[in-house]
Structures are given as structure tokens and as C-alpha cells.
Amino acid sequence: SQRRTQALREACSTVLAQNTPQQAQAAAHTLMLYLRNILREPRNRDLRRIPADNAHFVSTIGSIAGGKDTMLAVGFEEEDEIATGSLTRTFFVLNRVFLDDLRSALGMLESGGRR
């Protein structure tokens, strides 16, 4: 959708403007990996659930300016789940897969946010 494309463009601009080039590149690489995996296996729910406390996610996307906004702009939603006992764990979950939107987002990321 156009709204999602605009949100992604703005989030990518934030990532590029407020982080080092290395941080921006690592974030884009990780998000492109997530999107490629989902496009390859759109029915695989495990690929559409990213733990917010995953060390790789935290170091490349979760801890940088605009990182979480980029995930949300692509269509992920932040969801809390009760793990064991009363511990809550947060995931970024892509509940609805719109393949055309994911392809568009991947293309925008591959072109450095210029699409």
C-alpha cells in the first residue's frame, strides 16, 4: 500500500540519517534476509516471528534509530507473549503476509531506500 511504502521510506531515511553507515548497512542486510526468507516460505510462521531479544536482531535493528519503525513499516507488529511463569517476551510478528508489499519493501531496501 502507499501508506506502508511512505512509512518505510521515512523509516529508512531515519536509519540512514541517524546511524553510522555500517549500522544502516547491517540493519538493511538483516531485514532483507528476513524478507527473503519469508518470501521463500510465506507459510512458515517461525520465519515471521522475530524475538525482540534475539542478540542478532538487537545488535543490527533493535538498538538503532529507526530500526523498530522499519520493522513496523514493513508490516511486522510488536506482540508480547507470556513465556514461562509470568515472564513476558516481545516478538515482531508478521501476521498477514502481502507478498507484493514484501517484494516492494525488499526492492526499496536493496536500492537503498530510493524506490
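**Exercise 1. Describe the hairpin formed by β2 and β3, including the turn.**

Step 1. Take the elements: strands are DSSP runs of E with at least two residues, helices runs of H or I with at least four, numbered from the N terminus. β2 covers residues 77–82 and β3 residues 88–93.

Step 2. β2 and β3 pair antiparallel over six bridges. Ile82 has Thr88 in β3 as its bridge partner.

Step 3. Inspect the turn. Five residues separate the strands, and Gly85 there has a positive phi of about 65 degrees.

The model is predicted: local features need pLDDT of at least 70, side-chain atom pairs 80 or more, while totals for chains, interfaces and linings use all residues. Numbering starts from 1 along each chain as its sequence is written, and side-chain values use heavy atoms, without hydrogens and water.

**Exercise 2. Find how the axes of α1 and α4 cross.**

Step 1. Read the geometry. The α1 and α4 axes come within 8 Å and cross at roughly 165 degrees.

Step 2. Classify. Angles over 145 degrees count as roughly antiparallel. α1 and α4 are therefore roughly antiparallel.

**Exercise 3. State which helix supplies the largest share of the lining of the largest pocket.**

Step 1. Define the pocket: on a 1 Å grid over the protein atoms alone, an open set of points where a 1.4 Å probe fits, with protein on both sides within 12 Å along at least five of seven lines; lining residues have an atom within 4 Å of a point.

Step 2. List the lining. It has 16 residues; Cys12, Val15, Ala24, Ala28 and Leu109 lie nearest the centre.

Step 3. Assign the share. α2 gives seven residues, the largest share.

Conventions: Two strands pair if DSSP finds at least two bridges between them. Axes are lines fitted to C-alpha atoms, for helices over the stretch in contact, and angles run from 0 to 180 degrees between N-to-C directions. Angles under 35 degrees count as roughly parallel, over 145 as roughly antiparallel, 65 to 115 as roughly perpendicular and the rest as oblique.
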